[in-house]
Amino acid sequence: MMRLPVVLAWAGLLLAQNTKLLERAWKLAANGQRDQAVEILKGDVNDNPRDADARLLLGSLLIEAGKQSEGIAQLAEAVKLRPRSAEAQNALGEAYSSFGNFKAAREPFERAVTIKPDFGVAQ
């Protein structure tokens, strides 16, 4: 299972819109209040279905909670909305691999490296 700080780091990279709602959800999640963060994010996704940032964070939190199909669905939608995001591709790959689906994980991992060749390389 992925560790929450790693998941939140990926999600933090994509919080470009920097909305108060996303900031609040991120802070709640970082403080261990994941259920509250998930509820806020679900509301945002319902109101703003094209919000890739909210979907990325929501999907990551759902994966962390062991909700495989819900989390992967949100991450897949984030990738669909932002196909050129190495971070979103990688998060989807991590989600698949965390549940042992290495075959499905390979494609998003490869796309992440294609998009950003130095992705994941320690600086």
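1. Start with a charged pair. The side chains of Arg82 and Asp53 form a salt bridge, 2.6 Å from N to O. A salt bridge here is a side-chain nitrogen of Lys or Arg within 4 Å of a carboxyl oxygen of Asp or Glu. The pair links distant parts of the chain: Arg82 sits in the loop between α5 and α6, Asp53 in helix α4 (residues 52-64), and they are 29 residues apart. By this rule the count is five salt bridges. Side chains of opposite charge can pair when their charged atoms come close.

2. Next, the ground rules. This is a predicted model: local features need pLDDT of at least 70, side-chain atom pairs count only at pLDDT 80 or more, and totals for chains, interfaces and linings use all residues. Residues are numbered from 1 along each chain as its sequence is written, and side-chain values use heavy atoms, leaving out hydrogens and water.

3. Check the confidence. pLDDT is the predictor's confidence in each residue, from 0 to 100. The chain averages 86, and 82% of the residues score at least 70. Confidence is lowest in helix α1 (residues 4-13), with a mean of 52, and highest in helix α5 (residues 68-81), at 97. Helices are DSSP runs (H or I, at least four residues), numbered from the N terminus. Over residues 14-18, pLDDT stays under 50; the model has 14 contacts for them beyond four places in sequence. Contact means heavy atoms within 4.5 Å.

4. Now α2 and α3. Two packed helices are described by the angle between their axes and the distance between the axes. The axes of helix α2 (residues 20-30) and α3 come within 7 Å and cross at roughly 155 degrees. Axes are lines fitted to C-alpha atoms, for helices over the stretch in contact, and angles run from 0 to 180 degrees between N-to-C directions. α2 and α3 are therefore roughly antiparallel to each other. (Angles under 35 degrees count as roughly parallel, over 145 as roughly antiparallel, 65 to 115 as roughly perpendicular and the rest as oblique.) Leu21, Leu22, Arg24, Ala25, Leu28 and Ala29 of α2 make the contact with Arg34, Gln36, Ala37, Ile40, Leu41 and Asp44 of α3. These residues divide into eight nonpolar, one polar and three charged. Ala, Val, Leu, Ile, Met, Phe, Trp, Tyr, Cys and Pro count as nonpolar, Asp, Glu, Lys and Arg as charged, and the others, Gly among them, as polar.

5. Then α3 and α4. Helix α3 (residues 34-47) packs on α4 at about 140 degrees, with axes 9 Å apart. That makes α3 oblique to α4. Among the α3 residues in this contact are Val38, Leu41 and Val45; on the α4 side they include Leu57, Leu58 and Leu61. The contact residues divide into nine nonpolar, no polar and five charged.

6. Last pair: α6 and α7. Helix α6 (residues 86-98) and helix α7 (residues 102-115) pack at about 160 degrees, with their axes 8 Å apart. That makes α6 roughly antiparallel to α7. The residues of this contact divide into 10 nonpolar, four polar and two charged.

7. Which residues does Tyr96 contact, leaving aside its neighbours within four places in sequence? They are Ile72, Asn101, Ala104, Ala105 and Pro108. Tyr96 lies in helix α6. Tyr96 and Ile63 are 33 residues apart in sequence, and 9.3 Å apart in space, C-alpha to C-alpha.

Note on methods
Helix = DSSP H or I, 4+ residues; strand = E, 2+ residues; numbered from the N terminus.
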